[in-house]
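Visitor: Could you walk me through this model and tell me what lies behind the terms you use?
Guide: Gladly; here it is.

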Amino acid sequence: MHIDLTPEAILAQLGYPKNDHTLEQINKIISNTKNFEHFSKHLLSLQDALAVEKGYIAMSNSENYLKIKCDEDSNADNLSAFAELVDHWSKKYKISLKKVENKPTYYILGQL
């Protein structure tokens, strides 16, 4: 099955309102992220899995990428499970990530 997610659908799935600003931002992210269309459908299942570990996917305000983030007040078990989940997902779908130093945050750079 092939699923094409529109920018509007991605915004809705990530919990963002649809307005000119968010549409412009998600379109910049999509065009900046290598092979976004090849792995975008897997973002939804990742979002669901992350919620268990107090994690989520969000649009970055500083870079034109989506970021995977965990609440910084999470306990060590949550942070460890979160990191393992992100690592497994990135390897399974061949996703290049950039880790933010000293934070439970990763930028999704694209598919290798």
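Guide: Strand β1 (residues 55–59) is mostly covered, with four of its five residues buried. Buried means under 20% relative accessible area, exposed over 50% and partly exposed in between (1.4 Å probe, protein chains only). Helices (H or I, at least four residues) and strands (E, at least two) are DSSP runs, numbered from the N terminus. The model is predicted: local features need pLDDT of at least 70 and side-chain atom pairs pLDDT 80 or more, while totals for chains, interfaces and linings use all residues. Residues are numbered from 1 along each chain as its sequence is written, and side-chain values use heavy atoms, without hydrogens and water.

Visitor: Why is I10 called buried?
Guide: I10 has a relative accessible area of 3%, and the limit is under 20%, so I10 counts as buried. I10 lies in helix α1 (residues 7–14).

Visitor: What makes β1 and β2 a pair?
Guide: Pairing takes at least two DSSP bridges between two strands. β1 and β2 (residues 66–70) have five, in the antiparallel sense, so they qualify. M59 stands opposite L66 in β2, and six residues lie between the two strands of this hairpin.

Visitor: Which residues does W89 contact, leaving aside neighbours within four places in sequence?
Guide: They are F39, H42, L43, L46, I68, I95 and I108; contact means heavy atoms within 4.5 Å.

Visitor: Which residues does I10 contact on that basis?
Guide: L5, I26, I30 and F36.
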